[in-house]
Amino acid sequence: MWIAAGTDPVGNYFGGHDFHVIVFDEKQLLNHRTFSIKTDYEHPENEFEFDKGNQTIIIRTPLGLVQKYDVTTDQVTDLR
C-alpha cells in the first residue's frame, strides 16, 4: 500500500486549502479523501503530520478542528 498526499494551491470555501490523500496498491486506487487544511505559510509543518508509521495523518482544519485520518481503515476521527 502506498500513500500520496498533497495540497491544492488554490484556496477553498473554508479559508484554507484542499489536502488530498490518495491510498493505492499495485492493482488499484483504494481511497481518495479531500480535507480542508489550515494554511500556515510561516509554519507549514503545522498543517498536517504523519503518525504511527504513516498509518494515520493528523490534519488541522481552518475551523479549528483537529482530525485523524487512518489510511488503513479509511476512517476519520475528530480529536478536538
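Predicted model: local features only at pLDDT ≥ 70, side-chain atom pairs only at ≥ 80, totals over all residues.
Numbering runs from 1 along each chain as its sequence is written, and side-chain values use heavy atoms, with hydrogens and water left out.

So where does lysine 38 sit? It's in the loop between β3 (29-37) and β4 (48-51); strands are DSSP E runs of at least two residues, helices are H or I runs of at least four, and numbering goes from the N terminus. Lysine 38 is partly exposed, at 46% relative accessible area. The cut-offs there: buried is under 20%, exposed is over 50%, partly exposed is in between, with a 1.4 Å probe and protein chains only. Lysine 38 and leucine 65 are 27 residues apart in sequence, and their C-alpha atoms are 9.4 Å apart in space.

Another loop residue to look at is asparagine 12, between β1 (2-11) and β2. Asparagine 12 is buried, with 17% relative accessible area. Its contacts, again not counting residues up to four places away in sequence, are His17, Asp18 and Ser36. For asparagine 12 and serine 36, 24 residues apart along the chain, the C-alpha separation is 7.6 Å.

On to the sheet. We have an open sheet of 4 strands, ordered β4-β5-β6-β7, with antiparallel pairing; two strands pair if DSSP finds at least two bridges between them. β4 and β7 (75-78) are at the edges with a single partner strand each, so one side of each has no neighbour in the sheet. Strand to strand, the twist averages 20°, using lines fitted to C-alpha atoms as axes, for helices over the stretch in contact, with angles from 0 to 180 degrees between N-to-C directions.

Zoom in on β6 (residues 66-70), which pairs with β7 in the antiparallel sense over 4 bridges. Which residue in β7 is the bridge partner of tyrosine 69? That's valine 76, and lysine 68 stands opposite threonine 77 in β7. The β6 and β7 hairpin has 4 residues between the strands, and aspartate 74 there takes a positive phi near 60°.

Tyrosine 69 also takes us inside. The largest nonpolar core has 9 residues: Phe19, Val21, Val23, Phe35, Ile37, Ile57, Ile59, Tyr69 and Val71. By core I mean buried Ala, Val, Leu, Ile, Met, Phe, Trp, Tyr and Cys residues joined through side-chain atoms within 4.5 Å. β2 (17-24), β3 and β5 (56-60) are the elements giving two or more residues, and β2 has the largest share, 3 residues. Leaving aside neighbours within four places in sequence, tyrosine 69 has contacts including Val21, Phe35, Ile57 and Asp74.

Phenylalanine 48 and phenylalanine 50 form an edge-to-face pair, 6.0 Å centre to centre with 85° between the planes. Phenylalanine 48 is partly exposed at 23%, and so is phenylalanine 50, at 37%. Phe19, Phe48 and Phe50 form one aromatic cluster, and Phe19 is also one of the core residues.

Notes: Phe/Tyr/Trp six-rings, centres within 6.5 Å; stacked < 30°, edge-to-face > 60°. Contact = heavy atoms within 4.5 Å.
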